[in-house]
Amino acid sequence: MSFDNHIDFWSNDYLGLAGKEQSIKITGSTGSRLISGNSKAVENVERQLALHFQSEAALIFNSGYDANVGLFSSLPQKGDIILYDEYVHASVRDGIRLSFATSFSFRHNDVADLEKKLKKADRMSPKASAMGQGTVFVAVESLYSMDGDLAPLIEMSRLCEKFGALLIVDEAHSGGVFGKEGKGLCEELGIADAVFIRLFTFGKAYGAHGAAVCCSVEVRQYLINFARSFIYTTALPEAVYVHILNQVERSKQDILRKQLQANIAHFTKSVRSTSSSADSPIQVIAFPDLELCKMKAAELQDAGFAIKAILPPTVPAGAQRLRICLHAFNTKEEIDRLIGLLKIN
C-alpha cells in the first residue's frame with residue numbers, strides 16, 4: 001500500500017526538515033575515509049558538529065547502524081563488560097555480538113536492576129590487569145523508538161560514576177528534539193559532560209543521513225583505526241557531509257521544537273499512551289489483541305493516515321501496538337481527526 005498521499009504520523013522526520021528543498025551537487029567520494037574519501041571539508045564538518053554537541057571530537061559514520069556496530073565491536077576489549085538495556089537498538093546488539101567483551105542485559109529502564117548488574121560486574125572485572133582491561137560500559141538509548149519512553153539518564157549517570165562505568169547514550173531519536181538548539185536529552189538534563197560517548201543520527205529529526213559519534217579525541221582516533229564499519233566502506237559523498245551540517249544548523253530553530261512539543265501536548269492531553277513519555281514525539285498505543293491492532297491500523301490508513309501496526313517479532317509476542325510519530329508540521333486539525341478515529345478516552 002502506498003502512503004504517498006497520506007498524512008504523516010509514521011516517519012522520524014520530527015521537525016519536518018527532510019522535505020526541505022536542497023541545492024547540493026553530489027559527486028562520488030571514490031573510496032574509504034582512510035584513502036580517497038576524506039577531505040578538509042569533511043573534517044571541518046566533524047569539528048563543527050563537535051562544537052555544536054559540546055564534545056571534544058566527533059566522527060561521522062555512514063549510518064547509525066554502522067556507527068553502533070563499529071563502536072561496540074571494536075572499543076570494548078576482552079576482559080571488559082558491556083551492560084545494555086534489554087530494549088537497546090539492534091545495531092548495538094549486533095556490535096556487542098562482534099565484540100570480545102562479556103555482555104549482560106538489564107531490565108528496560110530499571111535503575112535498580114542496572115545497579116545490581118553493576119555490582120556484579122564490579123566483582124568480575126579484573127581491574128588490576130596490565131592490559132588495562134576490566135572496563136565496564138553501559139549502553140542505553142535516550143529515547144526508545146518502539147515504546148516512546150525516555151531513559152532515566154540522571155540516575156544512570158550517577159550509578160556509572162559510582163561504579164566507575166562508562167555510559168554510552170544513543171541519542172538517535174532525541175537529537176534535534178530535546179535540549180538547547182536540539183543538542184539532545186543529555187544536554188537538556190545537564191549530564192553531557194558525564195557521558196563517555198553520545199551518538200547522534202541524522203536521518204531522523206535532522207532530515208539527512210549518517211551518524212556522528214561524539215567522543216574524546218583519543219576515542220575518535222581509535223575508531224578511525226579499528227572500527228571496521230568505518231574503515232571498510234566507501235565514504236559518503238562530500239556534499240552529504242556538508243548537507244548534514246546544514247541540516248543541523250536548520251534544526252537550531254527553537255520554533256520548530258516548540259511547535260513539536262505543542263503538538264505532542266495536544267495529542268497526549270486526549271490520548272493516554274501505555275508506555276510513552278508525555279513529551280515524547282513517539283506515542284505508543286498498545287492493543288491486547290493482534291487482529292484488533294491490525295484492523296485499527298488498516299482503518300487509519302483507509303482514512304488517509306500513514307500509521308502502521310508494530311507487530312511481533314519486531315516487538316515481543318502479545319506486545320503489538322500502533323506507533324504514532326508526531327511532527328512540528330502536523331496541524332491541530334489533523335491531530336484532532338486522528339484522536340477521533342482512535343476512540344480512546
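## Asp 254 and its partner

Let's start with Asp 254, which is partly exposed at 37% relative accessible area (buried means under 20%, exposed over 50%, and partly exposed in between, using a 1.4 Å probe and protein chains only). Asp 254 makes a salt bridge with Arg 257, and their closest N and O atoms are 3.0 Å apart. (A salt bridge here is a side-chain nitrogen of Lys or Arg within 4 Å of a carboxyl oxygen of Asp or Glu.) Arg 257 is buried, with a relative accessible area of 6%.

The two sit 3 residues apart in helix 10 (residues 254–270), so about one helical turn separates them. (Helices are DSSP runs of H or I with at least four residues, strands are runs of E with at least two, and both are numbered from the N terminus.)

## Where the numbers come from

This is a predicted model, where local features need pLDDT of at least 70 and side-chain atom pairs count only at pLDDT 80 or more, while totals for chains, interfaces and linings use all residues. Residues are numbered from 1 along each chain as its sequence is written, and side-chain values use heavy atoms, with hydrogens and water left out.

The whole structure has 14 salt bridges. In one of them, Lys 117 pairs with Asp 113 at 3.4 Å, N to O. Asp 113 is buried, at 3% relative accessible area.

Glu 249 and Lys 252 also pair up, with 3.0 Å between the closest N and O atoms. Glu 249 is partly exposed at 42%, and Lys 252 is partly exposed at 24%.

## Out on a loop

Gly 190 lies in the loop between helix 6 (185–189) and strand 7 (197–201). Its relative accessibility is 63%, so Gly 190 counts as exposed.
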